[in-house]
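Open your viewer, and keep the selection panel within reach. We will go from one selection to the next and see what is there.

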Amino acid sequence: MEEPKRHFKYITIPIEIFDNEELTPLEKFIFALVDVLDTPEEGCYASNAYIAQKCMCTERSVSSAISHLCKLGYIKVAAFNGRNRILRSLVKSVRVEDFS
């Protein structure tokens, strides 16, 4: 499993996600991870296995969470070639580089 390039020091959860009672804590964390890994150049290409490892959950839980986040319009699958998927966050987050 390829480790995505890390370009961040911490993960934040937008208040819109944090306050959403339809989301589980795991879904909120997965959103935050996808959001921080979503770069303008490449999107988030982290696999379910990678996300599951970071969240200490199953790949099935990750798949379910991603499906729910897509259904609610928080993320989208921007590309899928049958093997690799690119996710994009649809919630504008403030990033550290925004303050540089």
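**Before you click**

This is a predicted model, in which local features need pLDDT of at least 70 and side-chain atom pairs count only at pLDDT 80 or more, while totals for chains, interfaces and linings use all residues. Residues are numbered from 1 along each chain as its sequence is written, and side-chain values use heavy atoms, with hydrogens and water left out.

**Stop 1: the whole chain**

Show the protein chain as a cartoon: it has 4 helices and 2 strands. Helices (H or I, at least four residues) and strands (E, at least two) are DSSP runs, numbered from the N terminus. Starting at the N terminus, the order of elements is α-α-α-α-β-β. The chain has 100 residues, of which 37% count as buried. Here buried means under 20% relative accessible area, exposed over 50%, and partly exposed in between (1.4 Å probe, protein chains only).

Contact means heavy atoms within 4.5 Å. Taking contacts between residues at least 6 apart in sequence, 60% join residues at least 24 apart.

**Stop 2: Leu-23**

Now select Leu-23, in the loop between helix H1 (15-18) and H2. Is Leu-23 buried or exposed? Leu-23 has a relative accessible area of 6%, so it is buried. Leaving out residues up to four places away in sequence, Leu-23 touches Ile-17, Lys-28, His-68, Leu-69, Leu-72 and Tyr-74.

**Stop 3: helix H3 and its cover**

Select residues 48-55, which make up helix H3, and show the side chains of its buried residues: Asn-48, Tyr-50, Ile-51, Ala-52 and Cys-55. Which elements cover them? Among them are helix H2 (25-37), helix H4 (59-71) and strand E2 (85-89).

**Stop 4: H2 against H3**

The axes of H2 and H3 come within 11 Å and cross at roughly 120 degrees. Axes are lines fitted to C-alpha atoms, for helices over the stretch in contact, and angles run from 0 to 180 degrees between N-to-C directions. H2 and H3 are therefore oblique to each other. In these terms, angles under 35 degrees count as roughly parallel, over 145 as roughly antiparallel, 65 to 115 as roughly perpendicular and the rest as oblique.

To see the contact, select Leu-26, Phe-29, Ile-30, Leu-33, Val-34 and Leu-37 on H2, with Tyr-50, Ile-51, Lys-54 and Cys-55 on H3. Colour by class and this contact of H2 with H3 shows 9 nonpolar, no polar and 1 charged residues. For the colours, Ala, Val, Leu, Ile, Met, Phe, Trp, Tyr, Cys and Pro count as nonpolar, Asp, Glu, Lys and Arg as charged, and the others, Gly among them, as polar.

**Stop 5: H4 and its two partners**

Bring in H4. H2 and H4 pack with their axes 9 Å apart, at an angle of about 80 degrees, and are therefore roughly perpendicular to each other. From H2, pick Leu-26, Glu-27, Ile-30 and Phe-31; from H4, pick Ser-61, Val-62, Ala-65, Ile-66, His-68 and Leu-69. The contact of H2 with H4 holds 7 nonpolar, 2 polar and 1 charged residues.

Next, turn to H3 and H4, whose axes are 8 Å apart at an angle of about 105 degrees. That makes H3 roughly perpendicular to H4. Here Asn-48, Ala-49, Ile-51 and Ala-52 of H3 meet Glu-59, Val-62, Ser-63 and Ile-66 of H4.

**Stop 6: Met-56**

Select Met-56, in the loop between H3 and H4. Although it is not a glycine, Met-56 has a positive phi of about 50 degrees. Most residues other than glycine have a negative phi. Met-56 counts as exposed, at 77% relative accessibility.

**Stop 7: the hairpin**

Finish with strand E1 (residues 75-80) and E2, which pair in the antiparallel sense over 5 bridges. Two strands pair if DSSP finds at least two bridges between them. E1 and E2 form a hairpin with 4 residues between them, and Gly-82 in the turn has a positive phi of about 95 degrees. Look across the strands: Ala-79 has Ile-86 of E2 as its bridge partner, and Phe-80 stands opposite Arg-85.

Finally, show the side chains along E2, which alternate.
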